[in-house]
Every structure is written in C-alpha cells, then in structure tokens.
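Walk through this fold step by step.

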Amino acid sequence: MRCIEFLECNRGQFSQVAKMNTAGNSIKNVAVLVGSLRRGSINRKFPESVGKLSANRLRFHFIEIGGVPPYDDLWENPPQSVLRLKREIEAADGVIFCNA
C-alpha cells in the first residue's frame, strides 16, 4: 500500500500525525490552510512547492482565511465565511495546516 505521511514539526522534532492511503489511481483532494495572508509568505510557498511535486497524486486547494473572524462559541448563526471554511474542509480527503 502506498501512503503519504503527514508530519508535524515542533522545534525541529518531527512526529507523524496522519497517513493517507494513495493506492489506486484516484487523486486525493487536500485542503491547505496557510497561517499567513501574505502572498510571498514561506508558509504559502512551502505547500505550493509540495503541491507541484505531488500533482500526480494530490490536488491542493488553498482555503482563504482572510475573511474568517476569530472563533466565538456563542454564535447561534455562524458567519458565511465560517460555514464556507467548514464546507471546504469537509469536502477534502486531508488537511494541511502550514504555519510557522
């Protein structure tokens, strides 16, 4: 079985957080959340590069977070930007958070 491992880096130490089965010919959809809104951010450049290298197995979808307000557990009706974020994450086979 072919798998892609998702690793977390904390102070130079890597640990596995998940595996995604890539067996078969289907391309997996991966939602990417970048912690910086700046276009030239290394947080954005890194997943863009990984997406190019794995284009035959993974399709990266960058989710825009600029309009998403801070979390509020008192929302009776969450803002549309929050509902959009939730839908886009639910539609993905995997999620990458890229933040320094």
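The mean pLDDT of the protein is 81, and 75% of the residues score at least 70; pLDDT is the predictor's confidence in each residue, from 0 to 100. Where pLDDT is low, the predicted coordinates should not be read in detail. This is a predicted model, so local features need pLDDT of at least 70 and side-chain atom pairs 80 or more, while totals for chains, interfaces and linings use all residues. Residues are numbered from 1 along each chain as its sequence is written, and side-chain values use heavy atoms, without hydrogens or water.

Helices (H or I, at least four residues) and strands (E, at least two) are DSSP runs, numbered from the N terminus. Take strand β3 (residues 28-34). Six of its seven residues are buried, meaning under 20% relative accessible area with a 1.4 Å probe, protein chains only; over 50% is exposed, and in between is partly exposed.

β3 pairs with strand β4 (residues 58-63) in the parallel sense, over six bridges; pairing requires at least two DSSP bridges. Ala-31 has His-61 in β4 as its bridge partner. From β3 the chain passes through helix α1 (residues 42-53) to β4, a right-handed β-α-β crossover: with the strands pointing away from the viewer, the path from the first strand over the helix to the second runs clockwise. β3 also runs parallel to strand β5 (residues 94-98), joined by five bridges. Here Leu-33 is partnered with Phe-97.

Now the rings. The structure holds one aromatic pair. The ring centres of Tyr-71 and Trp-75 lie 6.0 Å apart with planes at 75°, so the pair is edge-to-face. Rings of Phe, Tyr and Trp (its six-membered ring) pair if their centres lie within 6.5 Å; planes under 30 degrees apart are stacked, over 60 edge-to-face, the rest tilted. Tyr-71 is exposed at 69% relative accessible area. Trp-75, at 27%, is partly exposed.
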